[in-house]
Amino acid sequence: MAKLKIYTYPDLVLTQKALPVARVEKSFHKLADDMLETMYEAPGIGLAANQVGILQRILVLDTDYDYEELEEGQTPPKGAEVINGGVITNRKPRIIFNPEIVYTEGTTTFSEGCLSVPEFNADVKRFEKVKLTYQDIDGLTHTLAADGLLAIAIQHEIDHLEGKLFIDRLSPLKKEMVRKRLKKERAEREAEDLEFPSAEKKSKSKGF
């Protein structure tokens, strides 16, 4: 497995619509594994192919795993999976091709973050429950009913496949304010990276 680059706002690939996967080939297995590794290392609970520069309708999810950052000098438990300086347990990954929401119910508001919009959260209105059809890594078709955090994550990642970010769901005025702030913060991060290229940065909270 290999860690992939996560594209961040305002990279144009995040505004493009992903194409359906005509046939789930074995060649997608490595991509799915790489996306999962990238998601866990971020750490995040979901990742869409657009976010790693691939315009195909693929996403990965895991809303159940636990991530505990290790203190300096702390030894991880024997046999534990260590990623990005933390221990991951209770992994329950999902690999989803060609997701399509076929039923929705209720509404809820959730404070969302995003791996492609670093260090920013906003309240977003979503459906409370969803049902979707999709194909798994073997190309088999399934139906999944979801609520809670899983339903939120599914809707967030499908938005990515449609070329939308969660900030696109904010009011026009708030979206413009956020857009200016994010561009300024990205420019500052890039300037800092040029000045301190070896600086290590860790995200302690899970994003999508």
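This is a predicted model: local features need pLDDT of at least 70, side-chain atom pairs count only at pLDDT 80 or more; totals for chains, interfaces and linings use all residues.
E71 sits in the loop that links β3 (66-69) and β4 (81-83).

- E71 has a relative accessibility of 58%, so it counts as exposed, the cut-off being over 50%.

- Strand β2 covers residues 58-61, and both of its faces are covered.
- I58 and V60 are buried on one side, while L59 and L61 are buried on the other.

**The neighbours of β2**
- Strand β1 (residues 46-48) runs antiparallel to β2, and 3 bridges join them.
- Strand β6 (residues 94-114) also runs antiparallel to β2, here with 4 bridges.
- Which residues does V60 pair with in these two neighbours? L47 has V60 as its bridge partner in β2, and in β6 the partner of V60 is I95.

**P10, ahead of the helix**
- P10 belongs to the segment before α1 (28-41).
- Is P10 buried or partly exposed? Its relative accessible area is 33%, so P10 is partly exposed, as this class lies between the 20% and 50% limits.
- Between P10 and L115 there are 105 residues of separation in sequence, and their C-alpha atoms are 13 Å apart in space.

Definitions and conventions. Residues are numbered from 1 along each chain as its sequence is written. Side-chain values use heavy atoms; hydrogens and water are left out. Buried means under 20% relative accessible area, exposed over 50%, partly exposed in between (1.4 Å probe, protein chains only). Two strands pair if DSSP finds at least two bridges between them.
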